[in-house]
Amino acid sequence: MKLKVLGCSGGIGGPEARTTAFLADNDILIDCGTGVGDLALEELAAIDHIFITHSHMDHIVAIPLIVDAVGEMRGVPITVHAIPEVLRILRAHIFNWLIWPDFTAIPDRRRPFLRLQPIKVGEDVRLGTRTITPLPALHSVPAVAYRLDDGNGQLVYSGDTTYSPELIAAINACPDLRHLIIETAFSDEQHGLALAARHLSPGMVAAFLNEIRSAPEVHISHIKPGQAERVMAQIAAAGARLHATALRQGQIIEF
Ligand SMILES: Nc1ncnc2c1ncn2[C@@H]1O[C@@H]2COP(=O)(O)O[C@H]2[C@H]1O
């Protein structure tokens, strides 16, 4: 599988700071932040599936815009996969005819532009040779991480999470973990905010990484704008067993 980082910043602020979205091959999005806005219309029209970690704006903002942009061009709906709590929030607060039209009923309910598909933690979703599995995460709103597997080892993406023994256990259950994309939203000076907003700080991510029993490449994502150097230096200084590098917008991970 080929994963292209369209955005991996914890916020906006110039062309290098797009919010989270990963393009898997050419037809699957994992999260749907502002990074999606850089795709051409033809690339947007090729997206059949969108997997969402949680309902926060920086991870969902492009869903309504994609559906409107390419709905007419496609013969089949775009399917948004998420846990039921997240789908309820999208229905109530986004596709409610007030913030955005309800594209699950456009042009009509039998052949809509958008389909909302509930998923469950631990249950595989198979798309051809690819398997995508939601894993437990712990954030300020209901959230999941994802495991991606195309038969050549696994990649785990944490989504937004604070320290989670359940996620650590799920990561340690991966038989051949090649890549771990893990968030570190805030610096150690903002540890209190990291706890309040249920994110990770460098000290917490080092403790998290020390619990991982395999040896994946570790990529740090979701650093808040302007904090990248400080956060990466603090992670290095924490001396975790696993070395970590900052995930870059535009980076391609193949596994
Ligand atoms: N007390 C708070 N709880 C949660 N989020 C907060 C709080 N104060 C500020 N925020 C910000 O609101 C943001 C919402 O998206 P994030 O979870 O990425 O990161 C969060 C923080 O940057």
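Which side chain meets Asp48 in a salt bridge? Arg74 does, with N to O at 3.0 Å. A salt bridge here is a side-chain nitrogen of Lys or Arg within 4 Å of a carboxyl oxygen of Asp or Glu.

This is a predicted model, in which local features need pLDDT of at least 70, side-chain atom pairs count only at pLDDT 80 or more, and totals for chains, interfaces and linings use all residues. Residues are numbered from 1 along each chain as its sequence is written, and side-chain values use heavy atoms, with hydrogens and water left out.

## Salt bridges

The structure holds 10 salt bridges. Three of them are tabulated here.

| Pair | Closest N to O |
|---|---|
| Glu189 and Arg230 | 3.1 Å |

Helices (H or I, at least four residues) and strands (E, at least two) are DSSP runs, numbered from the N terminus. Asp48 has a relative accessible area of 27%, so it is partly exposed. Arg74 has 13%, so it is buried. The cut-offs are under 20% relative accessible area for buried, over 50% for exposed, and partly exposed in between (1.4 Å probe, protein chains only).

Arg130 is in strand E8 (residues 130-136) and Asp27 is in the loop between E2 and strand E3 (28-30), so the pair ties together parts that are 103 residues apart in sequence. Both residues are buried. Asp25 joins Asp27 and Arg130 in a network of salt bridges.

Glu189 bridges to Arg230, with the closest N and O atoms 3.1 Å apart. The two are 41 residues apart and link distant parts of the chain. Glu189 lies in the loop between strand E11 (177-183) and helix H6 (191-196), while Arg230 lies in helix H8 (residues 228-238). Glu189 is exposed at 54% relative accessible area. Arg230 is partly exposed at 43%.

What is the nearest side chain of opposite charge to Asp149? It is Arg147, 5.4 Å away. Asp149 is buried yet has no salt bridge. For charge, Lys and Arg count as positive and Asp and Glu as negative, with His and the chain ends not counted. Asp149 belongs to strand E9 (residues 144-149). Its side chain reaches the backbone nitrogen of Gly151 at 2.8 Å. A polar contact is a pair of N or O atoms within 3.5 Å; within protein, one must be able to donate a hydrogen and the other to accept it, and residues adjacent in sequence count only if both atoms are side-chain atoms. Leaving out residues up to four places away in sequence, Asp149 touches Met1, Thr129, Arg130, Thr131 and Gln154. Contact means heavy atoms within 4.5 Å.

## Aromatic pairs

Rings of Phe, Tyr and Trp (its six-membered ring) pair if their centres lie within 6.5 Å; planes under 30 degrees apart count as stacked, over 60 as edge-to-face and the rest as tilted. The count comes to 4 aromatic pairs. One of them is Phe22 with Tyr157, edge-to-face at 4.8 Å centre to centre, with 90 degrees between the planes. Phe22 is in strand E2 (residues 21-24) and Tyr157 in strand E10 (residues 154-157), 135 residues apart. Both are buried.

In Tyr163 and Phe208, the ring centres are 5.9 Å apart and the planes are at 80 degrees, so this pair is also edge-to-face. Tyr163 lies in the loop between E10 and helix H5 (165-172), and Phe208 in helix H7 (residues 202-209), so parts 45 residues apart in sequence are tied together. Tyr163 is partly exposed at 29% relative accessibility. Phe208 is buried at 0%.

## Ligand surroundings

The residues around the ligand (a heavy atom within 4 Å) are His56, Asp58, His139, Asp160, Phe186, Leu193, Ala196, Ala197, His199, His222 and Lys224. An N or O atom in the side chain of His199 is 2.6 Å from a ligand oxygen. For Lys224, the corresponding distance is 2.9 Å. A polar side-chain atom of His139 lies 3.5 Å from an oxygen atom of the ligand.
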